[in-house]
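Hi everyone, thanks for making time today. I'd like to walk you through a structure that may be new to you, so please have a look at it first.

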Amino acid sequence: MTRPKDMDADRREADRLAALRRYDILDTPAEEPFDRVTRLTASIIGTPIALVSLIDDSRQWFKSRHGLDATETPLSDAFCAHAIQSDGIMEVPDASRDPRFADNPLVTGEPRIRFYAGAPLITRDGQRLGTLCVIDSKPRSLSAEHARFLADFSRIIVDQLELRKAGIEARRELAERNRLEEEARASELRFGNLAEGSLQGVHIHDGQKLVFANQRLADILGYDSPEEMLALGSIELLIAPHDRVRVRERRKRRLRGDELPASFEYQGLRKDGSVVDLLRSAHSVDWNGKSAVQNTIIDISEQKRAIRELRQNQKILEALADNLPAFISLKDVDGRFQFANKRFEEWVQINRQDVIGKTVHDIYDADQASQFEALDREAIDHGSIVAREIDLAYPDGHTRHVVSTRFPVFSDSHEIIGLGTINYDLSERRRVEEALRQSEADHRALLEGSVMGVVIDRAGKPLFVNQAYAEIFGCDSPDEILSLPTLDSLYQPQDLARIKRYRMSRLRQKPAPVVYEFGGVRKDGTPIELETRSRPIMWEGKLAVQSTVIDRTERKKLEAEKALNEQRFRDLAEAASHFMVELDPDMNLTFFHGYLRNVPEVEPGKSIGQIMLERGFDPAGMQRLFEKIKRRGTFMDLPISRDHPVHGKAHLMLSGKPCYGENGAYQGFRGTIRDITAQIDAQAEITAARHELDLIKAANEAKSQFLANMSHELRTPLNAVLGFSELIKAELLGPVGVPAYVEYAGNIHDSATHLRGIIDELFDLSQIEDGKYALALQEMPLQEVIGEVVSVMTHDAAKAGVSVDTSRVNRAIRATIDRTAIRRVLGNLLSNNIQFTPAGGSISIETMLSMDRSVTIRVTDTGRGIPPGRMSRIFEVLRQDDAYIAREGGRMGMGLRIGRMLARMHGGDLTLESRVDHGTTVTVILPLDGPKAKAPATEEIHDTVHG
């Protein structure tokens, strides 16, 4: 057994032991108030042993014990030494399984404790003196109602301890008072000295004012010293206002010589205005040669409070007895009733006050009275509890099957002074149990005969299985499944965790699906598909789960095949370019799928069976259709046309198969209608389009030639402008007289540089569009190209106050690329990022590998973003009508266009995402193995703008 901590080393243990000594109760004889509680506790909770245990420094001593002969045990064996360390009830359901107590001698030997429950006895100042505990030799648990009883009775024990202590103190104080009074009469000289040292308050008055008071009285009334009280003068200032008239009248009667009790109670007035209950004893004395009255005052506030609490506890006990679902009575040793609860009154139908003082012979018939008297005598003769189950007929017409318990009531000297009776009606429980047994028998018969599989389990352990359930799993009889330790082996592994979760939810009465499907496994290992409906039930008095199981394996196969066929038909119908139809013999549609542009009758919303396709079709075509139908064979691509006054002429192709019944009667046909109107119309449009395309191609070639020539013609004068502006800016031929000219030369140089960039982009664009731009592919580390571009742009980024982060560039990625082209793409991107990112912003570059052997380069800035209206024109060339570009100092949109074209020449693509005031992300995707390994991306723009 594990021992509690060494409490001798703890200061609080010393305080607790000191508090226990102050109650002066250790090793005292048995007392009826305590024994009454232990008997009642054992009877209500139903345990053979109940104890009031007090914990000393080396033992636990039993002030009251019911069902146990021992008067004490060593502290090392005490369960209660553990219980007093908690505020609530300590419960041990099975001590033999509890590591703290398994090796305890009280567990391994007599009384072979298994169940223990103890409520600590906690005084008003928080000291834990011991416990009220119950013990049984069988494992069990404490119900919530019994726990409340145990806690209430423990507080009653504490109240009894307090009342006992108050009585002892009162007797001591009264004895001391009598001794002092006796000594005071003997010697007035000794009075002063004794009064000052007395445990009682003492004062003397001459009828009007105080002439003497001791320190104890000052303490009782909250004054610092007797002198402070004497300064008040009038004695009435020490009496509560509501008691002054009564005390004054008593004083007058005493002066008249009336015979009055020596002591009386009243309320005193403390210095702070509060009142205190006092016991006052007065007698006449000679004080300095004059007649005076000496009063001895005892503070009885604590005793009065204890009495009030005792009366309250008595009311609580009576209320408990009245509200218990049992007949309760108490008799004296002569068999006369001393108490009966409300249930007694209801059963016997006699006012309980009228049975006080009567015997069972005055209430019941002779046979019942003799039966009750015999049970009473047995309990008294044996001095122990007697319990019997008996059938009793009562005046209300009911015969009750009751468990009748008699228990002797002992005095402080352990003599039997009365007998208690508790009758608990078992009739309803017996009826319910019988109904439950019959219901379970009926239920079992229904389940066994069910054609559906039925199983009842508790936490997976099978309790009942019918023949249908056994056959579902390929077993010959239910016994094969009942012999399994758990049903888990019948479930497919992927469903096991889900089924266990549902099972536990139902046993805990939490939500779980009523109907669900799962996979099972037959005895031969064949997988099956099952559907179950489960619910919690009571089975043999305990909660279990009943499941009705249906084998859905074949149905599942049929449903799967049906769903597959339906899906095949839907897929074919949705993918078909033809209009699918079914017509009856009168040419009315009974089914259709699709929509014919020039046949408005055939569209969603039209009623099946009311659409005649014969109207509007050319007669020659319909004649050909009827001839095909008469031949009873499948026909293909039968041309037919139809005129509509609004939608124009439709050209159709029919294919179909006539359908005939068993009697050979024509039932219609199924087939397809293909609308070839667009194809015929397109033939005419193609000729015109080809001519227009030739004109556009010639214009594009002229444009490209013009751009190439213009870029060549502009470069020569522009290079001269750049050279001369550079000479002036650097003052290579001598100083310039006016400093502003140097600044102007720099502006000319920057503008010319910008213009040359535009000319270079125009030239590259014309080269790419004409197919004259050839890629020089080679495998190289992608990080090198990115590093070169970042190195070149570092100066511009620093000048703009923008940081560039390349920490997420994968150094191990190698790709087959045109080094110059990719540098051009990334250079244009970084130039745009720097230009449109405010100072303090950042640009990040990262690379990622994809499963399709491509690399993604993502360039993200924290700039202004692109307005939604700009995104639709972001890749257009020579669009300067947008003030956004001019305002931001940008060029003509060719950089992004060229970048996308170069990426697609590599077999990749370039896309954008942008959020205004959040920044822009440009994504470049390149195949690792070059353009031959990946087809060029579509020309559609897939860019996202977030406003």
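**Spaces and a helix pair**

Let me start with the second largest pocket: by class, its lining has 18 nonpolar, five polar and five charged residues. Here Ala, Val, Leu, Ile, Met, Phe, Trp, Tyr, Cys and Pro count as nonpolar, Asp, Glu, Lys and Arg as charged, and the others, Gly among them, as polar.

A word on the background. This is a predicted model, where local features need pLDDT of at least 70 and side-chain atom pairs count only at pLDDT 80 or more, while totals for chains, interfaces and linings use all residues. Residues are numbered from 1 along each chain as its sequence is written, and side-chain values use heavy atoms, leaving out hydrogens and water.

Back to that pocket. Its volume is about 800 Å³, and among its 28 lining residues, Arg-36, Leu-40, Gln-314, Leu-317 and Leu-330 are the closest to the centre. Helix α10 gives the most to the lining, seven residues. Helices here are DSSP runs of H or I with at least four residues, and strands are runs of E with at least two, numbered from the N terminus.

What do I mean by a pocket or a cavity? On a 1 Å grid over the protein atoms alone, a cavity is a set of points where a 1.4 Å probe fits but cannot get out, and a pocket is an open set with protein on both sides within 12 Å along at least five of seven lines; lining residues have an atom within 4 Å of a point. Points are joined across faces, edges and corners, and a volume is the space filled by probe spheres set on them.

How many cavities of 30 Å³ or more are there in the whole structure? The search finds eight. The largest cavity has a volume of about 140 Å³, and of its 15 lining residues, Asp-457, Tyr-491, Ile-499, Tyr-516 and Ser-547 lie nearest the centre. That lining divides into nine nonpolar, three polar and three charged residues.

The second largest cavity has a volume of about 100 Å³. Helix α9 supplies the largest share of its lining, four residues. By class, this lining has four nonpolar, two polar and four charged residues.

Finally, look at helices α22 (residues 782-800) and α23 (residues 819-835), which pack at about 25° with their axes 9 Å apart. Axes are lines fitted to C-alpha atoms, for helices over the stretch in contact (heavy atoms within 4.5 Å), and angles run from 0 to 180 degrees between N-to-C directions.
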